[in-house]
Amino acid sequence: MSAALVRRLDSAAPGFTEALDALLEWDTSESSDLRGKVEAIIADVRRDGDAALVDCTRRFDRWAPADSGALEISRAELDTALERLPESDRLALTGAAARIRAYHEHQVEESWGYVDEAGNRLGQRVTALERVGLYVPGGQAAYPSTVLMTAIPAKVAGVDEIVMVVPTPDGTRNRFVLAAAAVAGVDRVFAVGGAQAIAALAFGTTVVPRVDKIVGPGGAFVAEAKRQVFGPVAIDMIAGPSEILIIADDAADPDLLALDLFSQAEHDAAAQAILLTPSADLVERTAAALERLLTEMSRADVIRASLSGRGALIRTRDLDDAVAIANRVAPEHLSIQVAPEQEQRVLDGVRHAGAVFVGAASAEVMGDYAAGPSHVLPTFGTARYASPLGVYDFRKRTSVIQLSSDGVEGVARIAAQLADGEGLTAHAAAARARLAGFDHNG
């Protein structure tokens, strides 16, 4: 296989660390030109509201809504899209939805409380966000799976209203996406995309309601818009190109490895697909499989660009070395395809990954569509501190403090002493007033 398809690295070779750093390097900052364009779009939407949305739709999606009301897609249209969907597609949607819902029901946190030895009641209330916005990409492809993976966790969380925005280039509405919205229980859907959709969700217009949080992936304009509106509205994350990292040994099937690497590489030329294995023979067999199977892929050009630009087959010293490198990469998707007796040991060593797929049967693509967990995952190595989208992203926690007349004394004395130490006399006075008041009343 020519070196142009995918590079090969060896973790024991001199300069490997530098080579790995270069492979992982990715400029997440956007150009000043893009930032300026997004700023202008957001400013237009904040100033002109619905009129700006209509104008942006005409310019960027190449169709002209009769008025701003035409941007909303009715519930009847969602239901009709579901009814007219071929039965096989409808069953796939409902089957995936059931699995996603069942998984996320395990994430629901309950409020809690306790009474301490002095009679003070302390606790935490867990409540759902009132209204959230879902961004569903639609410029180059349709993503009904993203509808399910974002809306269902929000629904399970108990969000009052779920608002979805999706671009409709040339005015074409994808019935699969609309059907997914019906299955997932989305409340309102708008045919608007790009930075203008993010601005509308963040600040509200007459037609599009303002939300508390925006979730979902998108292109460069959407990512930059989410970055700029963060603060007045919450966001899930700044999503980057897809990533897969596979840890494998001689027990792995090189054809399956090649297909799994392709499955992420075909998303985007900027996507990253990496194999880690201590087996030199598996590197060669996987390289041959990549070359042989690439001709069968409809998006071969995209895959080739991804593998040659950001992909790698890396020979490691052993499986422990592979795990250490994987933790350094902190990939969006981590696949473990090793001998069954090694699976748990490798899994136990994994600390940083958005989602882990254990065993050859657990192809990453299963997680994309129907395994259960949301496929909205941290990228760019942010799995070091970030988590997959889930029910917890649509709920918030409120502390509850109810001090008793008997229990306030100990807390107040501590609070007053610490406030004195910080030089905050009003804090200290407020604490001591409780002491005096309850002493007087008691």
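In helix α7, the residues Val-177, Leu-178, Ala-179, Ala-180, Ala-181, Ala-182, Val-183 and Ala-184 are buried. Buried means under 20% relative accessible area, exposed over 50%, and partly exposed in between, with a 1.4 Å probe and protein chains only. Helix α7 spans residues 175-184 and is mostly covered, with eight of its 10 residues buried. The model is predicted: local features need pLDDT of at least 70, side-chain atom pairs count only at pLDDT 80 or more, and totals for chains, interfaces and linings use all residues. Residues are numbered from 1 along each chain as its sequence is written, and side-chain values use heavy atoms, with hydrogens and water left out.

Helices (H or I, at least four residues) and strands (E, at least two) are DSSP runs, numbered from the N terminus. The buried residues of α7 pack against several elements. These are β2, α4 (75-84), α5 (87-104), α6 (144-157), β6 (161-165) and β7 (188-190). Contact here means heavy atoms within 4.5 Å. At the start of α7, a side-chain oxygen of Asn-174 comes within 3.0 Å of the backbone nitrogen of Phe-176. A polar contact is a pair of N or O atoms within 3.5 Å; within protein, one must be able to donate a hydrogen and the other to accept it, and residues adjacent in sequence count only if both atoms are side-chain atoms. Just after α7, Gly-185 has a positive phi of about 80°.

The chain as a whole has 17 helices and 15 strands. Its C-alpha atoms fill a box of roughly 85 × 60 × 45 Å, taken along the principal axes. Of the 442 residues in the chain, 48% are buried. Among contacts with a separation of 6 or more, 75% join residues 24 or more positions apart.

The largest nonpolar core holds 73 residues. Such a core is a set of buried Ala, Val, Leu, Ile, Met, Phe, Trp, Tyr and Cys residues joined through side-chain atoms within 4.5 Å. Val-147, Leu-148, Met-164 and Val-186 touch the most other members. With residues up to four places away in sequence set aside, Val-147 touches Val-136, Ile-152, Met-164, Val-177, Ala-180, Ala-181, Ala-184 and Val-186. Another core, of 24 residues, lies apart from this one and includes Ile-244, Ile-246, Leu-275 and Ala-300.

Helix α9 is considered next. Two packed helices are described by the angle between their axes and the distance between the axes. Axes are lines fitted to C-alpha atoms, for helices over the stretch in contact, and angles run from 0 to 180 degrees between N-to-C directions. The axes of α8 (residues 194-203) and α9 come within 8 Å and cross at roughly 25°. Helices α8 and α9 are therefore roughly parallel. Angles under 35 degrees count as roughly parallel, over 145 as roughly antiparallel, 65 to 115 as roughly perpendicular and the rest as oblique. Gly-194, Ala-195, Ile-198, Ala-202 and Phe-203 of α8 meet Phe-221, Val-222, Ala-225, Lys-226 and Val-229 of α9.

Helix α2 (residues 32-48) also packs on α9, at an angle of about 65° and with the axes 10 Å apart. This angle makes α2 roughly perpendicular to α9. The α2 side of the contact comprises Leu-34, Arg-35, Lys-37, Val-38, Glu-39, Ile-41 and Ile-42. The α9 side comprises Ala-220, Phe-221, Glu-224, Ala-225, Gln-228 and Val-229.

Lys-226 lies in α9, which covers residues 220-229. Lys-226 counts as buried because its relative accessibility is 2%. A polar atom of the Lys-226 side chain lies 2.8 Å from the backbone oxygen of Gly-216. Beyond four places in sequence, Lys-226 touches Ile-198, Ile-214, Val-215, Gly-216, Ile-235, Asp-236, Met-237 and Ile-238. Val-229 also lies in α9. At 0% relative accessibility, Val-229 counts as buried. Val-229 and Ala-202 are 27 residues apart in sequence, yet 6.5 Å apart in space, C-alpha to C-alpha.

Backbone angles complete the description. Most residues other than glycine have a negative phi. Arg-62 has a positive phi, near 65°, and is placed in the loop between α3 (50-60) and β2 (72-73). Ala-330 also has a positive phi, near 50°. Ala-330 sits in the loop between α13 (319-329) and β13 (333-337). Its relative accessible area is 0%, so Ala-330 is buried.
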